[in-house]
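Here is a short briefing for a reader who is meeting this structure for the first time. The topics are listed under a plain heading.

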Amino acid sequence: MDISDFTRLDVTSVWLVLSVVAVAAGVFCLYSLILRHLAKTTVRNKVVLITDSLSTLGNECATLFHIGGARLILCGSNWEKLETLAEKLMSESDPTLTFPPKLVELDFSNMESVPEVISEILECYGCLDVLIFNSSMKVKAPVQCLSLEMDRIVMDVNYFGPITLVKGVLSSLISRRTGHILLVNSIQGKLTMPFRTTYAASKHAVQAFFDCLRAEVQEYGITVSIVNHTFIKTPSTHSEDEVTAKSVWTDVKPSSLGVTPKEMASELLKTLSSKKKEIWMARSIPKAALYVRSLFPNLFFTIMAAGVRNTEAVEMPDD
């Protein structure tokens, strides 16, 4: 081969790479357009409640659904931050195509205030079409280090809060014979790991409640969907609602196993459209762990215990 042949090969390779890049860019643009259209057709004019709009996921959902023309009810524990979020949404959208969000201060760790909040929510638009339960509190620590007070707080935020809210608005959904209840739940609603006793217990409890609820309300035209994810990636190492204890075992969290807030928000939107009842947002390793837990429980328990022993060995001080 002479120099001209190599030159032709180089040119061909460059054009091939450029073609692949152009096709990938086209696919991405097409996907974005489809997603934007899906948002408009799925949630337009729908009353959508987000229980924690101030989280990274809540922010993504609020932005996506607001652009889609939803009548948002944004909930969160900090009124000033809710106002800031609402102002941001309005400033970045066309006011002729969107609705000003309604704001409701909601803190599941203060259960005494929830009945009053439920009344305030129903007064916003008089009805609800979509409820997104994404409030969550994490705690990671050896069981002997957790107080009963912390156990109760986690159960309030992750279990008693959501079920109290859904019970309070259920009669409204039943009377209209429509509605979509969507629970964002951890994969630990199905799978347990060491140092997550209280967190996993709360996630199992809320998973079971909404699974039972699904069967009970189906005859009224109400859909209940649960999205189980590994963890949602955040800019920081630990999420804002996370209480951590020093542990080699709990600190192991490969970023490749998590999902981004944008990925999760897009999945929630697709779920509202498809009305799929259960979704696993998990990579191959967590999914494999679920099957091992179901088919080979003793093997699973042995692996979990070995992980704890390895942690203790690493943390043991040298003599």
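**Cysteines, sheet and helices**

The sulfur of C124 lies 7.7 Å from the closest cysteine sulfur, in C75, which is too far for a bond. The structure holds 0 disulfides, a disulfide being a pair of cysteine sulfur atoms within 2.5 Å. This is a predicted model, in which local features need pLDDT of at least 70 and side-chain atom pairs count only at pLDDT 80 or more, while totals for chains, interfaces and linings use all residues. Residues are numbered from 1 along each chain as its sequence is written, and side-chain values use heavy atoms, with hydrogens and water left out.

**Cysteines**
- C124 is buried, with a relative accessible area of 18%; buried means under 20% relative accessible area, exposed over 50% and partly exposed in between (1.4 Å probe, protein chains only).
- C145 is exposed, at a relative accessible area of 56%.

**The sheet**
- An open sheet is formed by 7 strands with parallel pairing, in the order β3-β2-β1-β4-β6-β7-β9.
- The edge strands, β3 (102-105) and β9 (278-281), each pair on one side only.
- On average, neighbouring strands of this sheet are turned by 15° against each other, direction ignored.
- Strands (E, at least two residues) and helices (H or I, at least four) are DSSP runs numbered from the N terminus, and two strands pair if DSSP finds at least two bridges between them.
- Strand β4 (residues 130-133) runs parallel to β6 (residues 179-186), and 4 bridges join them.

**Helices on the sheet**
- Helix α5 (residues 148-176) packs on the sheet and touches β1 (47-50), β4, β6 and β7 (222-229); contact means heavy atoms within 4.5 Å.
- The direction of α5 makes about 170° with that of β4; axes are lines fitted to C-alpha atoms, for helices over the stretch in contact, and angles run from 0 to 180 degrees between N-to-C directions.
- Helix α3 (residues 79-91) lies across β2 (71-76) and β3, at about 165° to β3.

**H180 in strand β6**
- H180 has its place in strand β6 and is the bridge partner of V130.
- At 3% relative accessibility, H180 counts as buried.
- Leaving out residues up to four places away in sequence, H180 touches D129, V130, L131, T223, S225, T271, L272 and K275.

**Helix α8**
- Helix α8 (residues 261-274) has 14 residues and reaches 20 Å from its first C-alpha to its last, close to the 20 Å expected, where the expected span is 1.5 Å times one less than the number of residues.
- The buried residues of α8 include T271 and L272.
- After α8 comes K275, with a positive phi near 60°.
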